[in-house]
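Colleague: I am new to this one. Could you show me how to read the place where two chains meet?

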Number of protein chains: 2
Amino acid sequence: MRSIAIIGVGLIGSSFALALRKAGFNGPIIGVSSERSIEAGIKAGAIDRGVTLEIAALDCDLIYLSQPIEQILVTLQLLGGLVKPGCLVTDAGSTKKMIAAKAAEHLPPASFLGGHPMAGKETRGAETADADLFRNRPYIITGFDSTNPQTVDFRCWLHAIGTDVIEMTPEQHDQTVALTSHLPQLLSTALAATLASEQSHAVSTIFGPALIDMTRLALSPADVWMSVLETNSNAIKKALDAFEKTLMRLRDNLECGEVAHVFEEGRRFASKIRTLP
Amino acid sequence: MRSIAIIGVGLIGSSFALALRKAGFNGPIIGVSSERSIEAGIKAGAIDRGVTLEIAALDCDLIYLSQPIEQILVTLQLLGGLVKPGCLVTDAGSTKKMIAAKAAEHLPPASFLGGHPMAGKETRGAETADADLFRNRPYIITGFDSTNPQTVDFRCWLHAIGTDVIEMTPEQHDQTVALTSHLPQLLSTALAATLASEQSHAVSTIFGPALIDMTRLALSPADVWMSVLETNSNAIKKALDAFEKTLMRLRDNLECGEVAHVFEEGRRFASKIRTLP
(Lines give C-alpha, C1' and ligand atoms only; values in the text may rest on other atoms or scores of the structure.)
Protein backbone atom coordinates (compact mmCIF):
# COMPACT_ATOMS: atom_id res chain seq x y z
CA MET A 1 0.00 0.00 0.00
CA ARG A 2 1.96 2.99 -1.29
CA SER A 3 -0.58 5.55 -2.43
CA ILE A 4 -4.13 6.11 -1.31
CA ALA A 5 -7.19 7.80 -2.76
CA ILE A 6 -9.97 8.86 -0.41
CA ILE A 7 -13.23 9.03 -2.36
CA GLY A 8 -15.58 11.24 -0.34
CA VAL A 9 -13.47 13.49 1.88
CA GLY A 10 -15.82 13.81 4.87
CA LEU A 11 -15.50 12.93 8.55
CA ILE A 12 -14.80 9.21 8.01
CA GLY A 13 -12.46 9.50 5.00
CA SER A 14 -10.46 12.33 6.55
CA SER A 15 -10.24 10.62 9.93
CA PHE A 16 -9.02 7.45 8.20
CA ALA A 17 -6.32 9.43 6.38
CA LEU A 18 -5.22 11.20 9.59
CA ALA A 19 -5.13 7.85 11.42
CA LEU A 20 -2.85 6.38 8.70
CA ARG A 21 -0.55 9.40 8.89
CA LYS A 22 -0.38 9.07 12.68
CA ALA A 23 0.45 5.35 12.32
CA GLY A 24 3.37 6.19 10.02
CA PHE A 25 1.99 5.98 6.47
CA ASN A 26 4.06 8.41 4.41
CA GLY A 27 2.96 7.83 0.81
CA PRO A 28 0.68 10.27 -1.03
CA ILE A 29 -2.98 10.52 0.03
CA ILE A 30 -5.16 12.20 -2.55
CA GLY A 31 -8.86 12.97 -2.52
CA VAL A 32 -11.86 12.82 -4.86
CA SER A 33 -14.70 14.97 -3.56
CA SER A 34 -16.55 18.25 -3.96
CA GLU A 35 -14.40 21.37 -4.17
CA ARG A 36 -15.47 22.45 -0.68
CA SER A 37 -14.60 19.04 0.84
CA ILE A 38 -11.23 18.92 -0.92
CA GLU A 39 -10.33 22.33 0.53
CA ALA A 40 -11.40 21.24 4.03
CA GLY A 41 -9.52 17.93 3.68
CA ILE A 42 -6.29 19.71 2.66
CA LYS A 43 -6.69 22.22 5.51
CA ALA A 44 -7.21 19.35 8.00
CA GLY A 45 -4.00 17.72 6.76
CA ALA A 46 -5.93 14.63 5.66
CA ILE A 47 -5.20 14.77 1.89
CA ASP A 48 -2.47 16.28 -0.24
CA ARG A 49 -4.63 17.43 -3.15
CA GLY A 50 -7.83 16.78 -5.08
CA VAL A 51 -8.00 14.77 -8.32
CA THR A 52 -10.59 13.11 -10.56
CA LEU A 53 -11.71 9.52 -10.05
CA GLU A 54 -9.87 8.55 -13.25
CA ILE A 55 -6.54 9.89 -11.97
CA ALA A 56 -7.13 8.36 -8.54
CA ALA A 57 -7.67 4.92 -10.10
CA LEU A 58 -4.57 5.32 -12.22
CA ASP A 59 -2.25 6.61 -9.47
CA CYS A 60 -3.27 4.71 -6.33
CA ASP A 61 -3.15 1.14 -5.09
CA LEU A 62 -5.77 1.68 -2.37
CA ILE A 63 -9.09 3.30 -3.14
CA TYR A 64 -11.09 4.09 0.02
CA LEU A 65 -14.79 4.78 -0.57
CA SER A 66 -16.09 6.90 2.30
CA GLN A 67 -19.18 8.27 0.60
CA PRO A 68 -22.87 7.82 1.43
CA ILE A 69 -24.00 4.30 0.42
CA GLU A 70 -25.89 5.34 -2.71
CA GLN A 71 -22.77 7.12 -4.00
CA ILE A 72 -20.54 4.15 -3.16
CA LEU A 73 -22.80 2.04 -5.40
CA VAL A 74 -22.35 4.52 -8.26
CA THR A 75 -18.58 4.81 -7.74
CA LEU A 76 -18.15 1.02 -7.82
CA GLN A 77 -19.81 0.96 -11.22
CA LEU A 78 -17.59 3.80 -12.49
CA LEU A 79 -14.46 2.10 -11.14
CA GLY A 80 -15.30 -1.01 -13.19
CA GLY A 81 -13.39 0.19 -16.23
CA LEU A 82 -10.71 2.11 -14.30
CA VAL A 83 -9.16 -0.12 -11.65
CA LYS A 84 -5.66 -1.36 -12.53
CA PRO A 85 -4.37 -4.82 -11.47
CA GLY A 86 -3.04 -4.95 -7.92
CA CYS A 87 -5.29 -2.12 -6.75
CA LEU A 88 -7.56 -2.72 -3.75
CA VAL A 89 -10.93 -1.00 -3.48
CA THR A 90 -12.51 -0.90 -0.01
CA ASP A 91 -15.43 1.01 1.46
CA ALA A 92 -16.75 2.35 4.75
CA GLY A 93 -20.46 1.98 4.03
CA SER A 94 -22.70 0.96 6.90
CA THR A 95 -24.46 -1.86 5.03
CA LYS A 96 -22.49 -4.52 3.19
CA LYS A 97 -24.59 -6.97 1.17
CA MET A 98 -25.66 -4.69 -1.68
CA ILE A 99 -22.24 -3.04 -1.84
CA ALA A 100 -20.48 -6.43 -2.04
CA ALA A 101 -22.87 -7.52 -4.80
CA LYS A 102 -22.24 -4.33 -6.78
CA ALA A 103 -18.48 -4.74 -6.39
CA ALA A 104 -18.66 -8.38 -7.55
CA GLU A 105 -20.61 -7.25 -10.60
CA HIS A 106 -18.24 -4.48 -11.71
CA LEU A 107 -14.74 -4.99 -10.28
CA PRO A 108 -12.12 -7.62 -11.19
CA PRO A 109 -12.08 -10.56 -8.73
CA ALA A 110 -9.99 -10.12 -5.56
CA SER A 111 -9.86 -6.33 -5.91
CA PHE A 112 -12.58 -5.54 -3.36
CA LEU A 113 -12.79 -5.75 0.42
CA GLY A 114 -15.93 -4.61 2.24
CA GLY A 115 -15.46 -2.55 5.37
CA HIS A 116 -17.47 -0.86 8.12
CA PRO A 117 -15.75 1.17 10.82
CA MET A 118 -18.15 1.23 13.80
CA ALA A 119 -17.29 4.79 14.74
CA GLY A 120 -18.66 8.22 14.11
CA LYS A 121 -19.60 11.57 15.53
CA GLU A 122 -22.65 13.75 15.35
CA THR A 123 -20.70 16.24 13.24
CA ARG A 124 -19.76 15.95 9.57
CA GLY A 125 -16.94 17.05 7.32
CA ALA A 126 -13.13 17.01 7.38
CA GLU A 127 -13.25 19.98 9.77
CA THR A 128 -13.97 17.63 12.69
CA ALA A 129 -11.80 14.72 11.51
CA ASP A 130 -9.97 12.88 14.27
CA ALA A 131 -6.92 10.59 13.92
CA ASP A 132 -8.21 8.53 16.87
CA LEU A 133 -11.80 8.16 15.68
CA PHE A 134 -11.38 4.43 14.97
CA ARG A 135 -9.14 3.59 17.93
CA ASN A 136 -10.52 0.72 20.06
CA ARG A 137 -13.64 0.57 17.91
CA PRO A 138 -14.77 -2.50 15.91
CA TYR A 139 -13.82 -2.37 12.21
CA ILE A 140 -15.73 -5.05 10.33
CA ILE A 141 -14.31 -6.42 7.09
CA THR A 142 -16.26 -8.67 4.75
CA GLY A 143 -14.92 -10.96 2.03
CA PHE A 144 -11.43 -11.08 3.53
CA ASP A 145 -9.05 -13.41 1.66
CA SER A 146 -5.88 -14.26 3.60
CA THR A 147 -4.10 -15.34 0.40
CA ASN A 148 -4.46 -11.89 -1.16
CA PRO A 149 -1.43 -9.71 -0.22
CA GLN A 150 -3.35 -6.46 -0.81
CA THR A 151 -6.09 -7.30 1.68
CA VAL A 152 -3.57 -8.68 4.20
CA ASP A 153 -1.60 -5.43 3.97
CA PHE A 154 -4.74 -3.32 4.42
CA ARG A 155 -5.74 -5.39 7.44
CA CYS A 156 -2.31 -4.73 8.99
CA TRP A 157 -2.92 -0.99 8.65
CA LEU A 158 -6.32 -1.38 10.34
CA HIS A 159 -4.48 -2.93 13.28
CA ALA A 160 -1.86 -0.19 13.16
CA ILE A 161 -4.50 2.54 13.57
CA GLY A 162 -5.86 0.74 16.64
CA THR A 163 -9.10 -0.77 15.38
CA ASP A 164 -10.54 -4.06 16.55
CA VAL A 165 -10.74 -5.93 13.22
CA ILE A 166 -13.63 -8.40 12.92
CA GLU A 167 -14.27 -10.66 9.91
CA MET A 168 -17.84 -11.40 8.88
CA THR A 169 -19.82 -12.24 5.78
CA PRO A 170 -21.83 -9.33 4.32
CA GLU A 171 -25.03 -11.14 5.37
CA GLN A 172 -23.89 -11.64 8.98
CA HIS A 173 -22.85 -8.00 9.12
CA ASP A 174 -26.16 -6.69 7.82
CA GLN A 175 -28.22 -8.92 10.13
CA THR A 176 -26.14 -7.86 13.13
CA VAL A 177 -26.27 -4.10 12.52
CA ALA A 178 -29.99 -4.35 11.72
CA LEU A 179 -30.38 -5.39 15.37
CA THR A 180 -27.71 -3.31 17.09
CA SER A 181 -27.81 -0.10 15.06
CA HIS A 182 -30.76 0.21 12.65
CA LEU A 183 -33.40 -1.08 15.09
CA PRO A 184 -32.34 1.33 17.90
CA GLN A 185 -32.44 4.21 15.40
CA LEU A 186 -35.95 3.33 14.20
CA LEU A 187 -37.21 2.96 17.79
CA SER A 188 -35.86 6.37 18.75
CA THR A 189 -37.32 8.00 15.65
CA ALA A 190 -40.68 6.22 16.08
CA LEU A 191 -40.84 7.23 19.76
CA ALA A 192 -40.17 10.89 18.99
CA ALA A 193 -42.57 10.89 16.02
CA THR A 194 -45.31 9.25 18.14
CA LEU A 195 -44.99 11.92 20.82
CA ALA A 196 -44.85 14.62 18.13
CA SER A 197 -48.29 13.54 16.93
CA GLU A 198 -49.88 13.77 20.40
CA GLN A 199 -52.13 16.79 20.77
CA SER A 200 -51.37 17.24 24.47
CA HIS A 201 -48.87 20.00 25.23
CA ALA A 202 -47.87 18.09 28.38
CA VAL A 203 -45.85 15.44 26.49
CA SER A 204 -43.24 18.04 25.60
CA THR A 205 -42.97 19.43 29.13
CA ILE A 206 -43.60 16.57 31.58
CA PHE A 207 -40.62 14.27 31.11
CA GLY A 208 -37.37 13.22 32.71
CA PRO A 209 -33.91 12.15 31.51
CA ALA A 210 -35.39 8.87 30.20
CA LEU A 211 -37.05 10.61 27.25
CA ILE A 212 -33.93 12.64 26.52
CA ASP A 213 -31.85 9.44 26.32
CA MET A 214 -34.34 7.62 24.18
CA THR A 215 -34.78 10.43 21.63
CA ARG A 216 -31.11 11.37 21.09
CA LEU A 217 -30.82 9.19 17.98
CA ALA A 218 -33.99 10.77 16.62
CA LEU A 219 -31.95 13.94 16.11
CA SER A 220 -30.20 12.18 13.16
CA PRO A 221 -31.18 13.68 9.82
CA ALA A 222 -33.13 11.43 7.45
CA ASP A 223 -30.69 11.74 4.53
CA VAL A 224 -27.91 9.64 6.06
CA TRP A 225 -30.43 6.95 7.00
CA MET A 226 -32.45 6.65 3.79
CA SER A 227 -29.86 4.59 1.92
CA VAL A 228 -29.00 2.50 4.99
CA LEU A 229 -32.65 1.50 5.44
CA GLU A 230 -33.15 0.95 1.72
CA THR A 231 -30.09 -1.30 1.33
CA ASN A 232 -30.84 -3.39 4.42
CA SER A 233 -34.62 -3.53 4.42
CA ASN A 234 -34.97 -7.33 4.68
CA ALA A 235 -32.75 -7.70 7.73
CA ILE A 236 -34.38 -4.64 9.31
CA LYS A 237 -37.86 -6.08 8.83
CA LYS A 238 -36.73 -9.29 10.54
CA ALA A 239 -35.30 -7.25 13.43
CA LEU A 240 -38.54 -5.23 13.71
CA ASP A 241 -40.58 -8.43 13.77
CA ALA A 242 -38.48 -9.89 16.59
CA PHE A 243 -38.83 -6.61 18.50
CA GLU A 244 -42.60 -6.54 17.95
CA LYS A 245 -42.88 -10.00 19.45
CA THR A 246 -41.06 -8.92 22.63
CA LEU A 247 -43.09 -5.71 22.88
CA MET A 248 -46.32 -7.70 22.60
CA ARG A 249 -45.06 -10.02 25.34
CA LEU A 250 -44.80 -6.93 27.55
CA ARG A 251 -48.10 -5.41 26.38
CA ASP A 252 -50.10 -8.55 27.09
CA ASN A 253 -48.65 -9.01 30.55
CA LEU A 254 -48.57 -5.53 32.08
CA GLU A 255 -50.56 -6.74 35.05
CA CYS A 256 -48.76 -10.01 35.67
CA GLY A 257 -45.40 -11.44 36.65
CA GLU A 258 -44.33 -12.36 33.11
CA VAL A 259 -43.22 -8.73 32.68
CA ALA A 260 -40.55 -9.30 35.32
CA HIS A 261 -38.96 -12.02 33.15
CA VAL A 262 -38.68 -9.70 30.16
CA PHE A 263 -37.20 -6.98 32.40
CA GLU A 264 -34.70 -9.49 33.76
CA GLU A 265 -33.65 -10.65 30.27
CA GLY A 266 -33.25 -7.04 29.17
CA ARG A 267 -31.35 -6.05 32.30
CA ARG A 268 -28.90 -8.92 31.84
CA PHE A 269 -28.20 -8.00 28.20
CA ALA A 270 -27.84 -4.28 29.02
CA SER A 271 -25.36 -5.14 31.79
CA LYS A 272 -23.44 -7.56 29.59
CA ILE A 273 -22.71 -5.08 26.80
CA ARG A 274 -21.44 -2.62 29.43
CA THR A 275 -18.97 -5.03 30.99
CA LEU A 276 -17.39 -6.51 27.87
CA PRO A 277 -13.70 -5.63 27.48
CA MET B 1 -47.43 22.79 58.04
CA ARG B 2 -45.68 22.38 61.40
CA SER B 3 -44.72 18.73 61.69
CA ILE B 4 -44.05 16.20 58.98
CA ALA B 5 -44.01 12.41 58.74
CA ILE B 6 -42.09 10.79 55.89
CA ILE B 7 -43.57 7.34 55.23
CA GLY B 8 -40.90 5.34 53.37
CA VAL B 9 -37.52 6.90 54.18
CA GLY B 10 -35.72 6.20 50.88
CA LEU B 11 -34.09 8.43 48.28
CA ILE B 12 -37.23 10.47 47.51
CA GLY B 13 -38.57 10.84 51.07
CA SER B 14 -35.15 11.74 52.49
CA SER B 15 -34.38 14.17 49.66
CA PHE B 16 -37.74 15.85 50.22
CA ALA B 17 -37.00 16.22 53.95
CA LEU B 18 -33.50 17.63 53.25
CA ALA B 19 -34.95 20.05 50.69
CA LEU B 20 -37.47 21.34 53.25
CA ARG B 21 -34.74 21.79 55.87
CA LYS B 22 -32.63 23.71 53.32
CA ALA B 23 -35.64 25.91 52.49
CA GLY B 24 -36.05 26.81 56.16
CA PHE B 25 -38.56 24.32 57.57
CA ASN B 26 -37.70 23.91 61.25
CA GLY B 27 -40.48 21.79 62.70
CA PRO B 28 -40.02 18.10 63.53
CA ILE B 29 -39.65 15.61 60.65
CA ILE B 30 -40.22 12.04 61.72
CA GLY B 31 -40.06 8.82 59.71
CA VAL B 32 -41.99 5.58 59.33
CA SER B 33 -39.88 2.93 57.62
CA SER B 34 -37.81 -0.20 58.14
CA GLU B 35 -35.26 -0.09 60.95
CA ARG B 36 -32.40 0.08 58.44
CA SER B 37 -33.99 2.98 56.52
CA ILE B 38 -34.74 4.91 59.72
CA GLU B 39 -31.09 4.62 60.76
CA ALA B 40 -29.91 5.79 57.33
CA GLY B 41 -32.45 8.63 57.34
CA ILE B 42 -31.29 9.89 60.75
CA LYS B 43 -27.65 9.61 59.70
CA ALA B 44 -28.40 11.61 56.53
CA GLY B 45 -30.02 14.34 58.64
CA ALA B 46 -33.35 13.81 56.87
CA ILE B 47 -35.46 12.71 59.85
CA ASP B 48 -35.28 13.22 63.60
CA ARG B 49 -36.48 9.76 64.65
CA GLY B 50 -38.55 6.75 63.64
CA VAL B 51 -42.13 6.17 64.84
CA THR B 52 -45.14 3.97 64.01
CA LEU B 53 -47.75 5.03 61.46
CA GLU B 54 -50.25 5.52 64.30
CA ILE B 55 -48.01 8.01 66.11
CA ALA B 56 -47.12 9.74 62.81
CA ALA B 57 -50.84 10.27 62.05
CA LEU B 58 -51.46 11.56 65.56
CA ASP B 59 -48.47 13.93 65.73
CA CYS B 60 -48.11 15.36 62.22
CA ASP B 61 -50.09 17.67 59.97
CA LEU B 62 -48.35 16.55 56.77
CA ILE B 63 -47.98 12.88 55.90
CA TYR B 64 -45.67 12.33 52.89
CA LEU B 65 -45.98 8.88 51.29
CA SER B 66 -42.72 8.12 49.48
CA GLN B 67 -43.09 4.36 49.27
CA PRO B 68 -43.41 2.08 46.25
CA ILE B 69 -46.90 2.41 44.72
CA GLU B 70 -48.28 -0.88 46.04
CA GLN B 71 -47.29 0.14 49.58
CA ILE B 72 -48.79 3.62 49.14
CA LEU B 73 -52.09 1.91 48.34
CA VAL B 74 -51.88 -0.14 51.56
CA THR B 75 -50.86 2.86 53.67
CA LEU B 76 -53.79 4.96 52.37
CA GLN B 77 -56.13 2.23 53.56
CA LEU B 78 -54.43 2.08 56.99
CA LEU B 79 -54.53 5.89 57.31
CA GLY B 80 -58.30 5.81 56.82
CA GLY B 81 -59.02 5.43 60.52
CA LEU B 82 -56.03 7.42 61.75
CA VAL B 83 -55.89 10.80 60.01
CA LYS B 84 -56.97 13.71 62.22
CA PRO B 85 -58.85 16.76 60.88
CA GLY B 86 -56.58 19.38 59.31
CA CYS B 87 -53.94 16.83 58.35
CA LEU B 88 -52.83 16.63 54.70
CA VAL B 89 -51.75 13.34 53.15
CA THR B 90 -49.74 13.54 49.93
CA ASP B 91 -47.73 11.01 47.95
CA ALA B 92 -44.81 10.76 45.52
CA GLY B 93 -46.02 7.76 43.54
CA SER B 94 -45.34 7.74 39.81
CA THR B 95 -48.90 6.90 38.77
CA LYS B 96 -51.85 8.88 40.08
CA LYS B 97 -55.26 7.55 39.07
CA MET B 98 -55.38 4.44 41.26
CA ILE B 99 -53.77 6.23 44.18
CA ALA B 100 -56.29 9.10 43.96
CA ALA B 101 -59.14 6.58 43.84
CA LYS B 102 -57.81 4.72 46.89
CA ALA B 103 -57.42 8.00 48.81
CA ALA B 104 -60.97 9.07 47.91
CA GLU B 105 -62.22 5.72 49.18
CA HIS B 106 -60.47 5.79 52.57
CA LEU B 107 -59.55 9.34 53.58
CA PRO B 108 -61.81 12.21 54.69
CA PRO B 109 -62.59 14.67 51.86
CA ALA B 110 -59.99 17.41 51.24
CA SER B 111 -57.26 15.62 53.17
CA PHE B 112 -55.40 14.23 50.14
CA LEU B 113 -53.25 15.79 47.42
CA GLY B 114 -51.65 13.59 44.75
CA GLY B 115 -48.04 14.33 43.84
CA HIS B 116 -45.31 13.16 41.50
CA PRO B 117 -41.85 14.69 41.65
CA MET B 118 -40.27 14.09 38.22
CA ALA B 119 -36.83 13.49 39.65
CA GLY B 120 -34.71 10.55 40.65
CA LYS B 121 -31.35 8.85 40.56
CA GLU B 122 -30.19 5.40 39.71
CA THR B 123 -29.30 4.84 43.37
CA ARG B 124 -31.66 4.13 46.25
CA GLY B 125 -31.85 4.87 49.95
CA ALA B 126 -31.35 7.85 52.25
CA GLU B 127 -27.56 7.40 51.85
CA THR B 128 -27.68 9.19 48.49
CA ALA B 129 -30.39 11.72 49.40
CA ASP B 130 -29.90 15.18 47.93
CA ALA B 131 -31.50 18.44 49.07
CA ASP B 132 -31.44 19.66 45.45
CA LEU B 133 -32.93 16.55 43.84
CA PHE B 134 -36.21 18.34 43.02
CA ARG B 135 -34.75 21.73 42.11
CA ASN B 136 -35.84 22.91 38.61
CA ARG B 137 -37.68 19.63 38.03
CA PRO B 138 -41.43 19.34 37.36
CA TYR B 139 -43.49 18.43 40.43
CA ILE B 140 -46.97 17.40 39.35
CA ILE B 141 -49.86 17.78 41.78
CA THR B 142 -53.31 16.30 41.17
CA GLY B 143 -56.61 17.25 42.81
CA PHE B 144 -55.32 20.66 43.94
CA ASP B 145 -57.97 22.79 45.66
CA SER B 146 -57.03 26.45 45.99
CA THR B 147 -59.62 26.97 48.74
CA ASN B 148 -57.96 24.41 51.03
CA PRO B 149 -55.32 26.15 53.21
CA GLN B 150 -53.39 22.88 53.78
CA THR B 151 -52.84 22.21 50.07
CA VAL B 152 -52.04 25.89 49.40
CA ASP B 153 -49.42 25.81 52.17
CA PHE B 154 -47.90 22.58 50.79
CA ARG B 155 -47.74 24.07 47.32
CA CYS B 156 -45.85 27.06 48.70
CA TRP B 157 -43.23 24.70 50.13
CA LEU B 158 -42.93 22.97 46.75
CA HIS B 159 -42.09 26.38 45.29
CA ALA B 160 -39.71 27.08 48.15
CA ILE B 161 -37.66 23.93 47.41
CA GLY B 162 -37.34 25.04 43.78
CA THR B 163 -39.69 22.69 41.95
CA ASP B 164 -41.71 23.62 38.89
CA VAL B 165 -45.24 22.91 40.17
CA ILE B 166 -47.72 21.71 37.55
CA GLU B 167 -51.41 20.98 38.16
CA MET B 168 -53.06 18.13 36.30
CA THR B 169 -55.89 15.67 36.77
CA PRO B 170 -54.79 12.14 37.73
CA GLU B 171 -55.97 10.94 34.28
CA GLN B 172 -53.97 13.61 32.39
CA HIS B 173 -50.93 12.78 34.47
CA ASP B 174 -51.15 9.04 33.84
CA GLN B 175 -51.70 9.46 30.09
CA THR B 176 -48.76 11.85 29.83
CA VAL B 177 -46.24 9.74 31.74
CA ALA B 178 -47.42 6.63 29.86
CA LEU B 179 -46.02 8.37 26.77
CA THR B 180 -43.00 10.20 28.17
CA SER B 181 -41.78 7.74 30.79
CA HIS B 182 -43.42 4.29 30.70
CA LEU B 183 -43.26 3.89 26.89
CA PRO B 184 -39.51 4.78 26.71
CA GLN B 185 -38.84 2.29 29.52
CA LEU B 186 -40.72 -0.52 27.78
CA LEU B 187 -38.96 0.19 24.47
CA SER B 188 -35.54 0.05 26.11
CA THR B 189 -36.39 -3.17 27.95
CA ALA B 190 -37.93 -4.76 24.84
CA LEU B 191 -34.90 -3.79 22.73
CA ALA B 192 -32.45 -5.32 25.21
CA ALA B 193 -34.60 -8.43 25.69
CA THR B 194 -34.92 -8.89 21.90
CA LEU B 195 -31.15 -8.75 21.46
CA ALA B 196 -30.70 -11.06 24.47
CA SER B 197 -32.73 -13.73 22.68
CA GLU B 198 -30.61 -13.59 19.49
CA GLN B 199 -28.35 -16.61 19.14
CA SER B 200 -25.60 -14.66 17.35
CA HIS B 201 -22.68 -13.70 19.57
CA ALA B 202 -22.08 -10.69 17.29
CA VAL B 203 -25.04 -8.69 18.67
CA SER B 204 -23.24 -8.27 21.98
CA THR B 205 -19.95 -7.21 20.39
CA ILE B 206 -20.73 -5.31 17.18
CA PHE B 207 -22.41 -2.12 18.34
CA GLY B 208 -21.80 1.56 18.85
CA PRO B 209 -22.92 4.25 21.32
CA ALA B 210 -26.46 4.07 19.88
CA LEU B 211 -27.16 0.73 21.54
CA ILE B 212 -25.63 1.88 24.82
CA ASP B 213 -27.95 4.92 24.88
CA MET B 214 -31.02 2.93 23.99
CA THR B 215 -30.47 0.18 26.60
CA ARG B 216 -29.60 2.36 29.61
CA LEU B 217 -33.18 2.30 30.93
CA ALA B 218 -33.22 -1.48 30.53
CA LEU B 219 -30.81 -1.60 33.49
CA SER B 220 -33.75 -0.66 35.76
CA PRO B 221 -34.78 -3.53 38.01
CA ALA B 222 -38.24 -5.01 37.43
CA ASP B 223 -39.51 -4.52 41.00
CA VAL B 224 -39.81 -0.73 40.80
CA TRP B 225 -41.65 -1.02 37.49
CA MET B 226 -44.13 -3.81 38.22
CA SER B 227 -46.54 -1.63 40.20
CA VAL B 228 -46.14 1.32 37.82
CA LEU B 229 -47.14 -0.84 34.84
CA GLU B 230 -49.91 -2.55 36.77
CA THR B 231 -51.50 0.70 37.97
CA ASN B 232 -51.30 2.42 34.58
CA SER B 233 -51.90 -0.45 32.16
CA ASN B 234 -54.73 1.18 30.17
CA ALA B 235 -52.85 4.37 29.37
CA ILE B 236 -49.70 2.34 28.60
CA LYS B 237 -51.59 0.12 26.16
CA LYS B 238 -52.85 3.22 24.38
CA ALA B 239 -49.31 4.60 24.21
CA LEU B 240 -47.99 1.28 22.87
CA ASP B 241 -50.72 1.21 20.21
CA ALA B 242 -49.81 4.72 19.03
CA PHE B 243 -46.14 3.73 18.93
CA GLU B 244 -46.91 0.53 16.99
CA LYS B 245 -48.70 2.57 14.37
CA THR B 246 -45.67 4.82 13.85
CA LEU B 247 -43.29 1.85 13.78
CA MET B 248 -45.44 0.16 11.12
CA ARG B 249 -45.36 3.39 9.11
CA LEU B 250 -41.58 3.09 9.11
CA ARG B 251 -41.55 -0.69 8.50
CA ASP B 252 -43.80 -0.46 5.47
CA ASN B 253 -41.82 2.35 3.88
CA LEU B 254 -38.17 1.42 4.38
CA GLU B 255 -37.53 1.71 0.67
CA CYS B 256 -39.45 4.90 0.00
CA GLY B 257 -39.50 8.58 0.82
CA GLU B 258 -42.29 8.35 3.42
CA VAL B 259 -39.60 7.32 5.92
CA ALA B 260 -38.06 10.77 5.60
CA HIS B 261 -41.29 12.36 6.86
CA VAL B 262 -41.32 10.23 10.00
CA PHE B 263 -37.63 11.05 10.58
CA GLU B 264 -38.40 14.74 10.17
CA GLU B 265 -41.33 14.61 12.65
CA GLY B 266 -39.15 12.76 15.14
CA ARG B 267 -36.22 15.11 14.67
CA ARG B 268 -38.41 18.15 15.27
CA PHE B 269 -39.83 16.72 18.51
CA ALA B 270 -36.39 15.59 19.76
CA SER B 271 -35.03 19.11 19.10
CA LYS B 272 -38.03 20.80 20.72
CA ILE B 273 -37.73 19.01 24.07
CA ARG B 274 -34.03 19.95 24.15
CA THR B 275 -34.61 23.66 23.62
CA LEU B 276 -37.48 24.26 26.05
CA PRO B 277 -36.55 26.49 28.99
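Modeller: Gladly! Let's begin with a term: a salt bridge is a side-chain nitrogen of Lys or Arg within 4 Å of a carboxyl oxygen of Asp or Glu. By that rule, four salt bridges cross the interface of chain B and chain A. In one of them, the side chains of B:R216 and A:D213 come together at 2.4 Å, N to O.

Colleague: What should I know about the model itself?

Modeller: This is a predicted model: local features need pLDDT of at least 70, side-chain atom pairs count only at pLDDT 80 or more, and totals for chains, interfaces and linings use all residues. Residues are numbered from 1 along each chain as its sequence is written, chains are lettered from A and ligands numbered from 1 in the order in which they are written, and side-chain values use heavy atoms, leaving out hydrogens and water.

Colleague: How many residues of chain B are in contact with chain A?

Modeller: Contact means heavy atoms within 4.5 Å. In chain B, 82 residues touch 82 residues of chain A. The copies meet through the same surface, because 100% of the interface residues of chain B are also interface residues in chain A.

Colleague: And what area is buried between chain B and chain A?

Modeller: The size of an interface is often given as the accessible area lost when the parts come together. Here buried area is summed over both parts, with a 1.4 Å probe. For chain B and chain A that gives about 7700 Å², with 74% from carbon and sulfur atoms. On the chain B side, B:I206, B:L254 and B:F263 lose the most area to chain A, together 10% of what that side buries.

Methods:
Buried area is the accessible area (1.4 Å probe) that two parts lose on being put together, summed over both.
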